[in-house]
Amino acid sequence: MKRKGISILGSTGSIGTNTLEVVRSHPERFRVVSMAAGRNIALLKEQIEEFRPAFVSVGSEDAAAALRNSLSVPVAVEAGPGAAMKAASLDGVDMTVAAISGAAGLLPTMAAVRAGKDIALANKESLVLAGRLVMEEAAKRGVNVLPVDSEHSAVFQSLLGHRREDLKRIILTASGGPFLKTPLPELERMGPEEALKHPRWKMGRKVTIDSATLVNKGFEVIEARWLFGLPPEKISVVIHPQSIVHSMVEYIDGAVMAQMSAPDMRSPISYALAYPERIASGTEPLDFSRLSLDFSAPEPERYPCLGFAYEALKTGGTAPAALNAADEVAVELFLEGRIPFTGISRVIGEVLGAHQSKEPGSVEDVLEADREARRLARSAAASA
Ligand SMILES: NC(=O)c1ccc[n+]([C@@H]2O[C@H](COP(=O)([O-])OP(=O)(O)OC[C@H]3O[C@@H](n4cnc5c(N)ncnc54)[C@H](OP(=O)(O)O)[C@@H]3O)[C@@H](O)[C@H]2O)c1
């Protein structure tokens, strides 16, 4: 069997390291051709020495120099955003795992699509910022965009074998994060330490805070709109604290297809890497004799950011990019202890209220809207 050449963008992150675990378990199927990371040079060095990629990109010239000096194996190391785009689109890559966090993932994802590489998509921000542009480019190049997000992987799997015209809606599940039961007046006082304690998933810091505000689910609603071509009214969200049902598809006859598994990202990652085959992922099997599953509606007062995401999706154009930019600025300020937890939604609300959305003709238009929304968010944060 010819081994699939993989590029891993964000190799030192939570999704990146889980992807490398899947690759490590299936050396006969996959080989790592390139990697991109930011600043974690110590972990990247270990990864390079184990997986021997041909090309690696890092976030700065200093990091590149430090890495080159410490390596005992031959590998080309480059720095900067152009370098991550090169890693994404290198010859020999069959599939690019897009797992850089935040808006920084957009250009490398787009570079991979333009180079005709299949995408295993974790960086939902690529679709939040530029869903139409990315998916149109993918369609033009015949590129498969396979979801890594567990919810979208569940929807993807629940759509297989069914006619799209029979679909009524999709239902994305959300754990509800660490503040599902916190009395509302106490939310104002919750700091980074409490917000970073996710009850089910071990993820990067940014996406963990986004799960506490549920803006992450809002991003996933926007991601689903572009991945599955659905209008907002056909995308629902339900709270499911156990994170066993990863999402569902309801059909017009009332039947609901759900995909279930233990909450372990190696399951959707291995599905995307090996699609259409299934391979062992190391995920623990479910013990149905001990399972109890709860579902409830998300409370709008607890999770205002989910409402903002639907609003941005309905407005369209650059509004979702502004939503994301406002959130990136606000979460960073929250993690630095400069705004309260509830300040995150206030910043997002103000930025969306002030943002003048327009239909972007190019990725550069999207990035301009992103920069402008960051400026607005920093001034909104002063009173958050
Ligand atoms: N974690 C999950 O379970 C999960 C589930 C579904 C979707 N996602 C999505 O997957 C993406 C990654 O999440 P994560 O939890 O893996 O995040 P993470 O643990 O914070 O990792 C982020 C990765 O991106 C790299 N990075 C950050 N900025 C960069 C830049 N400017 N240039 C190059 N590399 C950069 C980091 O490098 P350094 O660490 O070396 O600086 C790291 O490798 C996010 O879009 C998230 O929403 C995550």
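Two strands pair if DSSP finds at least two bridges between them. Helices (H or I, at least four residues) and strands (E, at least two) are DSSP runs, numbered from the N terminus. The model shown is predicted: local features need pLDDT of at least 70, side-chain atom pairs count only at pLDDT 80 or more, and totals for chains, interfaces and linings use all residues. Residue numbers start from 1 along each chain as its sequence is written.

**View 1. Four strands form an open sheet.** The order is β9-β8-β10-β11, and the pairing is mixed. At the edges lie β9 (235-239) and β11 (256-260), each pairing on one side only. From one strand to the next, the twist averages 20°. Axes here are lines fitted to C-alpha atoms, for helices over the stretch in contact; angles run from 0 to 180 degrees between N-to-C directions.

**View 2. Strands β8 and β10 pair in the antiparallel sense.** Five bridges join β8 (residues 167-174) to β10 (residues 245-251). Ile-170 stands opposite Val-249 in β10. Helix α7 (residues 150-159) packs on the sheet and touches β8, β10 and β11. Contact means that C-beta atoms, placed from the backbone, lie within 7 Å. The direction of α7 makes about 40° with that of β10.

Definitions and conventions: Contact = placed C-beta atoms within 7 Å.
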